[in-house]
Amino acid sequence: MYDWLIVGAGFAGSVLAERIASQRDQSVLIIDRRPHIAGNAYDRYDDAGVLMHQYGPHIFHTNSDAIVDHLSQFTEWRPYEHRVLARIDDKLVPIPINRTTINALYGLELRTDEEAEAFLASRAEPVEEIRTSEDVVVSKVGRELYEKFFRGYTRKQWGLDPSELDKSVTARVPTRTNEDDRYFTDTHQIMPKHGYTRMFEKMLSHPNIKIMLNADYREIRDVVPHRRLIYTGPIDEFFDFRYGKLPYRSLRFEHRTLEQEQFQETGTVNYPMSEDYTRISEYKHLTGQKHHATTITYEYPSAKGDPYYPIPRAENQALYKKYQALAMETENVHFVGRLATYRYYNMDQVVGQALAEFRRIQEAVPLWTAPVNGKSHHTDGELVIPAGRALN
């Protein structure tokens with residue numbers, strides 16, 4: 001019997017697996033329905049030998065020294081500050097909007113923060129109550145910049161007009177009056193030196209951890225004896241969609257390898273006004289790899305596919321609250337991560353959530369628990385693996 005079964009080998013599941021194995025000296029089986037570990041952060045060398053991200057660009061950034069210190073046990077880092085350009089009116093300009101963006105679009109020569117702030121204030125439209133994503137942007141920068149940068153991109157990304165989305169969506173993207181063209185301003189802006197997958201491999205290399213890939217929880221939950229469960233998958237799926245499916249947006253990725261050293265001048269270029277895709281990313285900017293070829297990814301938002309982004313609308317949160325209530329009544333199961341809590345998290349936030357959950361486990365869960373159903377099992381006993389599954 002395993003002390004813990006963990007569903008999902010992304011950040012939430014892997015951080016908890018390592019902590020439980022190393023700090024509690026308990027046995028862990030971590031499973032994932034995909035054929036690899038690392039979740040959406042999974043990276044690999046493609047056929048051309050270029051290190052690329054299978055599920056679109058993942059840039060690590062955080063203000064937490066503690067989270068960096070924790071992950072530094074499993075990787076070295078390389079500094080990387082992400083910069084994004086947006087194609088607006090046939091020009092490439094920085095996003096988030098800053099003073100350089102304004103000057104380029106309007107042929108101005110604003111030289112100070114105060115001048116840029118006054119320009120944006122002259123364009124802003126008063127909104128009595130900020131409720132939607134449209135309200136957020138129009139009240140800050142006015143309708144013209146809203147139309148150029150936000151409305152089309154949001155419609156593609158979410159399949160909804162910004163007026164139909166919660167204010168949190170566009171509130172994540174700041175507007176600046178200085179010339180700072182970094183996409184993030186966190187204290188730590190770094191990338192795993194040898195890639196995310198290598199970092200996860202080291203994280204999960206503890207002898208108390210076993211890994212099973214291509215494994216669906218529904219197929220193995222009654223086959224593999226375990227005392228407690230950590231679930232990082234979709235919470236509605238865990239409860240057999242009792243109240244209906246939680247709405248998500250997905251992405252389709254089109255990867256291309258080009259026989260040239262560089263394709264674009266920054267890691268990501270957004271396309272708010274044109275094209276069916278939302279952005280193109282080029283990984284060598286992120287990884288620092290030197291190579292004669294380069295790999296890029298086009299991202300196409302989709303209503304179908306793997307769940308990536310919870311759709312932030314009041315009725316969806318109300319539906320999630322029903323599942324959350326079920327989760328709170330479910331004994332010996334810990335729900336952690338994006339999908340299990342129906343919330344968009346950055347990678348550092350997922351790590352922080354997992355570490356906080358481990359502290360709660362330490363306080364609440366005895367090191368030795370009674371056998372399930374009164375039956376005694378041993379972790380070194382025979383383990384029956386469903387057909388087609390692989391145990392590492």
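Trainee: How are α5 and α6 oriented to each other?
Mentor: In this predicted model, the axes of helix α5, residues 133-141, and helix α6, residues 143-158, come within 7 Å and cross at roughly 130°. Angles over 145 degrees count as roughly antiparallel and those from 65 to 115 as roughly perpendicular. The crossing angle of α5 and α6 is roughly 130°, and the two helices are therefore oblique.

Trainee: What is the hand of the crossing of α5 and α6, and how many charged residues has their contact?
Mentor: The crossing of α5 and α6 is right-handed. On the α5 side the contact is made by Glu134, Val137, Val138 and Val141, and on the α6 side by Arg143, Leu145, Tyr146 and Phe150. Sorted by class, this contact has six nonpolar residues and no polar ones, while the number of charged residues is two.

Trainee: How are α3 and α6 oriented to each other?
Mentor: α3 and α6 pack with their axes 13 Å apart and at an angle of about 100°. Because angles of 65 to 115 degrees form one class, α3 and α6 are described as roughly perpendicular.

Trainee: Which residues of α6 make the contact with α3, and how many residues of that contact are polar?
Mentor: Thr101, Leu105 and Tyr106 of α3 meet Glu144, Leu145 and Phe149 of α6. By class, the contact of α3 with α6 has four nonpolar residues and one charged residue, and the count of polar residues is one. The residues asked for on α6 are Glu144, Leu145 and Phe149.

Trainee: Is the crossing of α3 and α4 left-handed or right-handed?
Mentor: The axes of α3 and helix α4, residues 113-123, come within 10 Å and cross at roughly 60°. That angle makes α3 oblique to α4. As for the hand, the way in which α3 passes α4 is left-handed.

Trainee: How many residues has the largest nonpolar core, and how many has the core that lies apart from it?
Mentor: The largest nonpolar core has 85 residues, and those with the most contacts inside it are Phe11, Ile31, Phe60, Leu71, Met199 and Phe335. Apart from it lies another core, which includes Leu105, Phe119, Val138 and Leu145 and whose number of residues is 19.

Trainee: Is Thr154 buried or exposed?
Mentor: Thr154 has its place in helix α6. With neighbours within four places in sequence left aside, Thr154 is in contact with Gly159, Leu160, Pro162, Leu165 and Thr170. Its relative accessibility is 5%, and because residues under 20% are classed together, Thr154 counts as buried.

Trainee: Is the peptide bond from Ile95 to Pro96 cis or trans?
Mentor: Pro96 has its place in the loop between β8 and α3. Omega for the bond from Ile95 to Pro96 is near 5°, and the bond is cis.

Trainee: How far apart in space are the C-alpha atoms of Asp46 and Thr257?
Mentor: Asp46 lies in the loop between β3 and β4 and is buried, with a relative accessible area of 10%. Beyond its neighbours within four places in sequence, Asp46 is in contact with Met52, Thr257 and Thr295. Asp46 and Thr257 are 211 residues apart in sequence, yet their C-alpha separation in space is 8.6 Å.

Trainee: What is the relative accessible area of Tyr283?
Mentor: Tyr283 has its place in helix α11, residues 283-287. Its contacts, leaving aside neighbours within four places in sequence, include Leu51, Met52, His53, His255 and Thr295. Tyr283 is buried, and its relative accessible area is 0%.

Note on methods
Residues numbered from 1 in each chain as written. Predicted model: local features only at pLDDT ≥ 70, side-chain atom pairs only at ≥ 80, totals over all residues. Heavy atoms only, no water. Core = buried A, V, L, I, M, F, W, Y, C linked by side-chain atoms within 4.5 Å. Buried < 20%, exposed > 50% of the residue type's maximum accessible area, 1.4 Å probe, protein only. Axes fitted to C-alpha atoms, helices over the stretch in contact; angles between N-to-C directions. Helix = DSSP H or I, 4+ residues; strand = E, 2+ residues; numbered from the N terminus. Parallel < 35°, antiparallel > 145°, perpendicular 65-115°, else oblique. Left-handed = near helix turned anticlockwise from the far one by under 90°. Contact = heavy atoms within 4.5 Å. Nonpolar A, V, L, I, M, F, W, Y, C, P; charged D, E, K, R; others polar.
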